[in-house]
Each structure stands twice: as structure tokens, then as C-alpha cells.
There are 2 protein chains.
Amino acid sequence: MAVPLRLTHLFSSPSSLPILRRRRLHGTLPRTLPLAASFSAQRAEAASAKTQDNPKSSKGSEQVITPRSQDFNAWYLDVIANAELADYGPVRGTMVIRPYGYAIWESIQEYLNLKFKETGHSNMYFPQFIPYSFIEKEASHVEGFSPELALVTIGGGKELEEKLVVRPTSETIVNHMFTKWIQSYRDLPLLINQWANVTRWEMRTKPFVRTLEFLWQEGHTAHATPQEAENETYTIEAMMGDKKALQAGTSHNLGQNFSRAFETQFLDETGQMQHVWQTSWAISTRFVGGIIMTHGDDAGLMLPPKVAPIQVVIVPIWKKDEEKVAVLSAASSVKEVLHSAGIKVKLDDSEQRTPGWKFNFWEMKGVPLRIEIGPRDVSSGSVVISRRDVPGKQGKVFGISMEPSILVAFVKDRLDEIQSSLLERAIAFRDSNIVDVNSYDDLKA
Amino acid sequence: MAVPLRLTHLFSSPSSLPILRRRRLHGTLPRTLPLAASFSAQRAEAASAKTQDNPKSSKGSEQVITPRSQDFNAWYLDVIANAELADYGPVRGTMVIRPYGYAIWESIQEYLNLKFKETGHSNMYFPQFIPYSFIEKEASHVEGFSPELALVTIGGGKELEEKLVVRPTSETIVNHMFTKWIQSYRDLPLLINQWANVTRWEMRTKPFVRTLEFLWQEGHTAHATPQEAENETYTIEAMMGDKKALQAGTSHNLGQNFSRAFETQFLDETGQMQHVWQTSWAISTRFVGGIIMTHGDDAGLMLPPKVAPIQVVIVPIWKKDEEKVAVLSAASSVKEVLHSAGIKVKLDDSEQRTPGWKFNFWEMKGVPLRIEIGPRDVSSGSVVISRRDVPGKQGKVFGISMEPSILVAFVKDRLDEIQSSLLERAIAFRDSNIVDVNSYDDLKA
């Protein structure tokens, strides 16, 4: 079965308190909805910081983000709040995934769906209500999930005869169905996947990392031989690629545990009844938490281009009214050029904010590349491009031609470079941390 | 709020019994899982019919589909079973959506997601557990949903202080969050959508049409003025287009009902506090049921090309071994040509079945176009193309050139034509049935 993922062990400091406790330190919040209210209060602070916008001090949007080195956990929550990735639901431990956070998840879905299709897996959907008796059929399953179950006991106004489990994972119900669908070796391998919400009654919760309800994909496969099942697991691990680098995926060779518990059998080529060999694997919204923690910095979020909802933001710059038309027209053309080339681009032409404020805001939102266009750029037919992952002047290139083919090629190259660079850093960070821990003191550090 | 959809009133005969009762007529089924078991038994019949494959009688795969005119409800369930669109879950009234059925839903999702994005709506995700007290805050909501609720009363091994509702729809939790996010007119309009599972404790269930749990998208919007809300509703209805023709969508102008119940207010341009004006709208997996009922016939499913998981099936035909290589090679080329043109194509080159069996099988699965390629077609560099929606020789065209540009243009034209033709038929059917009902006897007929 899919055991709880342990990404946080890698990235968060052992001293970080569960947010429930941390947030209560504020004291003044209504008792009924402490998390949500505190989150809301924090957001108001951010909004107020934004309002005190000052062209000279363009750090407005950063003021509410705790430095990462000072308090990792506070930094993580501040980034989620300020970048509007998620908010707290009204029920303890639940999370609302806001549009910017959900768009990251959609990028992951799109990537995985393509891979699943290429490797012969079909999407489908299983009901989320599982008879309680199913959970008890497989030993490791009872042990692993019993303490974490949410149970429906009333339906349509009546007490139910058998309690229903809100799925924590679907191995049991999948096997119940596999037993109906699989008769002969010709029905194998059976390779399926579902995108679904799952529920685990976690006591210590943190947005994306560990929530009562989360979203994931769960793959389930059945094979005629243990070798085939083993190969499936390798295929999946290769497919997960950089996902595995972040420890946000899980894959299991289940052997015949579930097929024996649910009598999932097939007639083999020699006419013998055999239990199928199975695997399961999953990637969840925890992966979004992993991205935030792995790549963020004091300025906020830093998104790998492949999952960024906005890959390039264009900030037009003008002072005099007579400059405005030419600058905005050039910015619009650049936007169209990039959009047509399949790049996710946003033009921030709002007039309520200064360019400096916008620079900081979109850095905080983790947009990989920024294009600046001012009157002089318009005259020279070029733009300035800044990388989110390389701070200051080092990450800035001047005089990139607006000519579509040149500009598109430059932007695509740079996005690829950022993608590789962020991945390399993440792997190096993980490896160095695995190698260097020789004592408990090292581990704490 | 999103009230239960009533598509079935339009399409199913009033005499159709709930499947639970119908299936029990078989008598021999285990008491614990009557639906699932009967479904499984039926599937075994189908499999056995397939095994008795006979090249002369190519009707093998149709034998288990009850004629539509004889018993509409039995026909509907037979089509779902034989085309492997769905199966029954272990809990009464739940449904497993199988890959072929889920692929239809994915086509609908893809279409709608594009439309949502074009019209400025963002996807996001709200938790499915709603505090029971929320449901009681809005009068029509309590009345509409109380009898249909599934309640979680135990979490993590403990009785909960407040029961949690498994969402039947999300207006209440959406408004709870909107109240936090909306402060000023600048935050409006707020246009969001979520793809989610919802739960309603229905007593009379039928696959796709009415199940305890189903999948849907639910759009929720908040506006500064009633006019804007009204316009949103019109935009959505225009967007739903052919969906509305099937009565499978629902859209509501909620006025200020929920904003008053949840105090969702904003500061308008004159500095006054105002309650927002809202809309909500939804399309569910019931739409798949609508497609089956609207377009199917005695041969099985008939899918509109836009939602068909397979738009074109290629059946190669050969008798002598020396013909096989040339036929299969031509069939593969044709497949590649269509695939490259973005057409969803399948080559059925299995050798266990006769061409006649395959014709019937893929007709039953509702594939809009069939391409037949035999030795004579290879010699003449042409193919035979048959339409699913026009039976027999009338729907068959001979001698279509294999030349890629000609073939692709022909196939695309034909798919467009089938799409329009099916929609016209559905609208004509609906309109004629609305106009002609003058008495209860007419209605029954």
C-alpha cells in the first residue's frame, strides 16, 4: 500500500513545530477557526505592506516573508500565503488549493498523464467509499491505516449497517474489482491509474506536505509473473525521474499480498489458477510542497519552468505619458510572440504598481524569467531579461533582440537551462545532506 | 445551489424500474453484492458469446444487448456493461468508471477546461469535508440536501465534536472562503471552477445518471452587481452550448442568498459595504449517461466524434498468408497518417477475431468511423470507410484514396458531419418530444 511520504524529513528542520501550535502564539484569533483566521490576518498584513508601496524601497511584497534561514517553517507558510498557493479550509488540517498552486499541480498532472499513456496505463475512477471490512483483509493495511481513517456512519439520514471508509488509498477496492475483471492470462497485464482525493486523519498537518485530504494519482497494476511486476516498478521509477529526486513519489512491489487477500486469480497458459503479482505507485500534492521547500529563497517561491503557471512575466517601464503607448505596444507584441511559441507568458500592465514593486512581486511568485521593456529598449528593438534563479546583475542580460525567432530561441534556451540548474541543485543538496550526516548533531544541523 | 439534474426524465421511460429491483429478478445472486455480482455474471455471458465466435454469424458481441425498443432501461445497462464504460462498486449505488467511460469524461473535461480558461475562470480545489453547521446556514440548501447527506462522524479513531458533511456541492465552503478573500470591488469578479467528486445519498441509482458519488465540475463566481452576475450566467449557458441541448448541465443565478448567509461583502467604489452577487454552474458524469441514452441504438453505443476515445478504428482484412503482410503494412501507414493529423485512431490487428466480429464489436463501442483495408484496397491504394451513425451500405464509401492529404481531409470532414448530425438529431428529438406531449398518456409513451 502507499505509505505516508516523508519528504519533510529531508527538507524541514527538526525543530519546526506543527503549524497549529505555532499559529496559536498570535493569541488574538477566534477559537473556532484559528488557522484560517491567522492566515487571513497575515494576508491582510501583506496587502497593507503592498499598499505602502514606495518606488524607492521596492521590497514591499517581501516584508511579510520570514527569512528562510531564520525560521524555515515560518518561511514556508509565509511563501504559501503571499504567493496565494493555498489557504486553510474550515475543518482542521484541510487545505484549499488556490489557482496559482493548483496550476502547478495541473502541470504535474499533464506531464504524468503523457507518461502514463506512453507506457500503456489507462485512467479510470474508483468510488471513494470502501466497506470497512475491506480494510481488515490485508494485515499491513490494517496496521498502517486504521489510526488515520475517516468513517462515514450516517447516510441519507440513517445509521449505516457497515461503516464506510473514506479512501486513504485504493488497493482494497481496486483488488475487489480486479478479481471481477481478471479471468485469464489474456487479461494481463492490467495497468490502470486514477486521479483522486484521499483522506488520512493526520494529527500534525502542514499545507501540501501533510493534510487531512490531499490529491494524488495512484497507479495499480496486475501481472502474471513476479518478474513482470518487478519490471513495472523499474519502469515507473524511471518515469518518475526527477520526481524521485525530490522523494515525493512512492512505488511498491506488492507481491501477492492483496491478490491473496482478495482472491485475485487468473488461469495461466497451462490451465493453472494463479494469484496475480501487483504494484502500486503514487505522486501527490505533497510534491508541490517539495518544490516550494527545495527551490525557494528569502525572496519567496522559485519555480522550475516545467511546472510554473507563468514562465515569463513582462514588465513594461515608462515615466512620461508619451512613452507609454510605444512601450505597451512593444510589450504586447512580445507577449504575442512568446504565447504563440507555447510559452506561458503574462504581461503585467497594471498602472497601480511601480515596476520595482512588480519585480519583487513576480520574484516572490517564483516566475523563472522576467522581461523588462522601457523606452530605450523600444528604440533599440531589444529587451532586458532577468533570471529568477540568479539574483542581481549576474542574472540579467541586456540587448536581446525583439526579433521573434531570436527572442523565442533565447527564452526557450534560458528556461531549459533554469530547469536543469534547479534540478542539479536539488540533487546536489539531497546527496550532500545524505553523505554528510555522521551523528545526531549533524542531523539536527 | 446545484440541484439534482433531471436528464433521465427526458430520456428514460417512466416505467423503468430502479436497477436494484430489476437485477434482483435474477434471484440467484448473493445478497451482499447483488448489483455487482449480476453485472459480473452478465459480463461473463458476453465473454462467452464472444468465445463462440463464428465468422458467418458476426453478431457475437451483440447477443447480450437487449433491444432498445424492447426495454430501454435494460438496453442502457447492457450497453454500459458490454462497452465496458462502468461497473458497480462494492457499496450500494456507487460506480467504477472504467477506462473507456473515463476517456469520454476526459474529452469533456478537456473541452470545458479550454472554454473556462478562455472566459477567465481559474481551476482550484476546495476540501470535501464541510462542517455540518455550514449546511444549515442557507435555507434552500438545508431543504435540498439534508436528506441526501453522507456524514463523517469518526476521524482518527475518535468521535468528532461536529459531524462533517461529505460535499454534495460546494457553495457553502466556497462562500466561507470568498468571505476571506474578497475585500474590495478590486477583488471582483472572482471566477473559479473545481473538478471534484461529490456525494449524494440517492436511493434510486443508475450508472452515470444517478450514483451516490459522481464526478463533476462546479463553477462559482462572485460579482459586484446583479447585472454582471446575470451576464455571467448567459456566458456560461452559451459556453455549454450542446451540453445544454442534452439538459445535462445546470446553471444558477444565486443572487445574494449565500453572500448574506456567509456575510460575503466588499467595499464598493463609493466606500459602501455590499454583499456580492453570485452564480454557480455544473456539468457532471451524468452527461456521459446522456450521451449513451441520446445516441445509442440496438447495436450499442454511438459516440459523437468530439467525445469518442477512439474516433476511427482500422480493421485489416486478409485470407491468405501472402496477403497479410501487405494489408497490415498498409493499415499501419494509414494509422500513422491519421494519428499524425491528431485523429484518435486504433488499429485492431488482433488475430483471434474475424473482421466481422470486429465490425460488430467496434460498432457496439460506438466508434464513429471504421476503415476497412483488404488486399484489393491495397492494390488500388484506397480504403473503405463506414459511418457508425448510418447503418449498412448507405453509410459505406468505397475507394477513398490512401494519399495522406486526401484521406485526412475526408476523415475530418466525415467526423465533423457526424458530430453535427448527432447533435441535430438530439435537438430534434428533444424538441419534438417537448412539443408533442399533451396528456399524461402521451408522456408515458
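In the predicted model, 55 residues of chain B and 55 residues of chain A take part in the contact between the two chains. The area buried between chain B and chain A is about 4700 Å². Carbon and sulfur atoms give 62% of that area.

Polar and charged groups also meet across this interface. There are 23 residue pairs in polar contact between chain B and chain A, with both residues at pLDDT 80 or more. The side of chain B that touches chain A is made up of 31 nonpolar, 15 polar and 9 charged residues. Salt bridges between the two chains number 2. One salt bridge joins B:D87 to A:K180. The closest N and O atoms of B:D87 and A:K180 are 3.0 Å apart.

Strand 5 of chain B, residues 150–155, gives the largest share of the side that touches chain A, namely 6 residues. This strand pairs with strand 5 of chain A, also residues 150–155 in its own chain. The pairing is antiparallel and runs over 5 bridges. Within it, A:L151 has B:I154 as its bridge partner.

In one of them, the ring centres of B:F134 and B:F262 lie 5.6 Å apart. Their planes stand at 70°, so the pair counts as edge-to-face. The two residues belong to distant parts of chain B, 128 residues apart. B:F134 sits in helix 6 (residues 132–135). B:F262 lies in the loop between helix 11 (257–261) and strand 10 (265–267).

Notes. Residues numbered from 1 in each chain as written. Chains lettered and ligands numbered in written order. Predicted model: local features only at pLDDT ≥ 70, side-chain atom pairs only at ≥ 80, totals over all residues. Heavy atoms only, no water. Contact = heavy atoms within 4.5 Å. Buried area = accessible area lost by both parts, 1.4 Å probe. Salt bridge = Lys/Arg side-chain N within 4 Å of Asp/Glu carboxyl O. Polar contact = N/O pair within 3.5 Å; in protein donor to acceptor, adjacent residues only side chain to side chain. Helix = DSSP H or I, 4+ residues; strand = E, 2+ residues; numbered from the N terminus. Nonpolar A, V, L, I, M, F, W, Y, C, P; charged D, E, K, R; others polar. Pairing = 2+ DSSP bridges. Phe/Tyr/Trp six-rings, centres within 6.5 Å; stacked < 30°, edge-to-face > 60°.
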